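Please walk through this structure step by step. Keep the sequence and the 3D view open while you read.

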Amino acid sequence: MSKLNNETVLRTLGWKSSFADLSGAHLAEPNRSLHRVTEVQRTGLIVAPLLEDGRNDVPVGGKWFQRPERERPTVGDWVILDSNDGRLVELLPRTSLLTRLSPAGNGTVQLIAANVDSAFVVTSCNADFNVPRLERYVSVILEANIEPVIVLTKIDQALDPETYQAELRAAFPTVTYCAVNALNPESVADLNPWCAEGQTIALLGSSGVGKSTLVNTLMGGEVQRTQAIREEDGKGRHTTTYRSAHLLPKGAVILDSPGMREFQMGDADAGVAELFDDIEALAQACRFRDCAHNAEPGCAVQAAIARGQLDPRRLASYNKLRGQ
Ligand SMILES: Nc1nc2c(ncn2[C@@H]2O[C@H](COP(=O)(O)OP(=O)(O)O)[C@@H](O)[C@H]2O)c(=O)[nH]1
Ligand SMILES: [Mg+2]
Ligand SMILES: [Zn+2]
């Protein structure tokens, strides 16, 4: 362990002691250090903490870029570097991986972030609010075994914030949502349960919905508090921001994905099944195993709609997301 970076520092970057058993033999070798990828550039990575010589950039050789997309390093990855020359030696196994289809439309997968615990899907009380789009985000997040949290911003600007919340409850009965004024620290404190040390949060949503504002509030509210603590006992915690990784004073790391205006989902059947588990449960009772829940005799899903127990819009979304 002596060759590892200081564990306290690693913890501020989201390292969990439960990851320790993930690290392979490479760490036992001399001159190896453990870092987190905070940014991916065209020819290399930006990592934290710094290498021994004070650098934070790691050139990544062609060998890595020739690998299948999923085996290349992405933001949030834990990597083992050679502390002598900064060479990327090993990519540690991930606990989760968020992906999307490339907007280029050629069917390739793009990595968004790795080792994420929860994802804030940010939308606001205005024209941005769009249930089908939120359903796509949430399906992909669930598919990746990440906890989705819908963050509804600008409740202070809406005449009818409760209408948006009612829509969220109807469309996402099993997903937590927080309705906030992103400019107000007390309001944003509703997100604290996901912001503890060791947690990594991915931030998703169209531009203009308040992602940067949320990060500022999550960072800023506490900077003041940290200063107050310092006066008392000389202890406190620095907050640090990289281009796309923010170390929150509460301990969590937020990974901000740039330019997510277009979010094409790849295969997310398991995530869709989880989001629509009520329909999946009803479908167990359909007469035909391959029932498409349209006009088949003995369709338990249509029966639930007829009884007023299932919103037909939900079935339409489910079928659409499953490509039917
Ligand atoms: N009143 C109010 N304004 C907000 C809220 N969230 C964001 N804004 C404003 O909306 C604009 C866009 O926010 P920004 O954080 O840049 O969105 P981003 O593109 O998702 O990062 C800024 O002018 C913010 O001040 C909110 O909850 N209430
Ligand atoms: Mg922004
Ligand atoms: Zn059916």
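**The largest pocket**

Strand 7 gives the largest share of the lining of the largest pocket, 4 residues. Strands, like helices, are DSSP runs numbered from the N terminus; a helix (H or I) has at least four residues and a strand (E) at least two. This is a predicted model, in which local features need pLDDT of at least 70 and side-chain atom pairs count only at pLDDT 80 or more, while totals for chains, interfaces and linings use all residues. Residues are numbered from 1 along each chain as its sequence is written, chains are lettered from A and ligands numbered from 1 in the order in which they are written, and side-chain values use heavy atoms, with hydrogens and water left out.

The largest pocket has a volume of about 550 Å³. Its lining counts 20 residues. Nearest its centre lie Val40, Thr74, Val75, Leu111 and Ile112. Two or more lining residues come from each of strand 1 (32-40), strand 7 (109-114) and strand 14 (253-256). By class, the lining has 10 nonpolar, 4 polar and 6 charged residues. Here Ala, Val, Leu, Ile, Met, Phe, Trp, Tyr, Cys and Pro count as nonpolar, Asp, Glu, Lys and Arg as charged, and the others, Gly among them, as polar.

How is a pocket found? Rolling a probe the size of a water molecule over the atoms shows where empty space is left. On a 1 Å grid over the protein atoms alone, a pocket is an open set of points where a 1.4 Å probe fits, with protein on both sides within 12 Å along at least five of seven lines; a cavity is a set from which the probe cannot get out, and lining residues have an atom within 4 Å of a point. Points are joined across faces, edges and corners, and the volume is the space filled by probe spheres set on them.

**The zinc site**

Turn now to the zinc ion (ligand 3). Which residues are its protein donors? They are Cys286 (SG), Cys291 (SG), His293 (ND1) and Cys299 (SG), 2.1 to 2.4 Å from the ion. Donors are N, O and S atoms within 2.8 Å of the metal (3.2 Å for Na, K and Ca); water is not among the atoms, so sites may look incomplete. Along the chain, the donors follow the spacing C-x4-C-x1-H-x5-C. Cys286 and Cys299 both lie in the loop between helix 8 (277-283) and helix 9 (300-306), so the pair ties together parts that are 13 residues apart in sequence.

Cys286 and Cys299 are buried. Buried means under 20% relative accessible area, exposed over 50%, and partly exposed in between (1.4 Å probe, protein chains only). Cys291 counts as buried because its relative accessibility is 8%. The structure holds 0 disulfides, a disulfide being a pair of cysteine sulfur atoms within 2.5 Å.

Most residues other than glycine have a negative phi, and most peptide bonds are trans.

A cis peptide bond joins Ala48 and Pro49, with omega about -10°. Pro49 sits in the loop between strand 2 (44-48) and strand 3 (57-59).

Asn145 is not a glycine, yet its phi is positive, about 60°. Its place is the loop between helix 3 (131-143) and strand 9 (147-153). Is Asn145 buried or exposed? Its relative accessibility is 69%, so Asn145 counts as exposed.

Lys154 also has a positive phi, about 65°, and is not a glycine. Lys154 is in the loop between strand 9 and helix 4 (161-171). At 24% relative accessibility, Lys154 counts as partly exposed.

**Buried residues and their partners**

Leu152 belongs to strand 9. Its relative accessibility is 0%, so Leu152 is buried. Leu152 and Ala182 are 30 residues apart in sequence and 9.0 Å apart in space, C-alpha to C-alpha.

Val209 lies in the loop between strand 11 (200-204) and helix 6 (211-233). At 1% relative accessibility, Val209 counts as buried.

Val140 lies in helix 3 and is buried, at 7% relative accessibility. Val140 and Thr99 are 41 residues apart in sequence and 7.8 Å apart in space, C-alpha to C-alpha.
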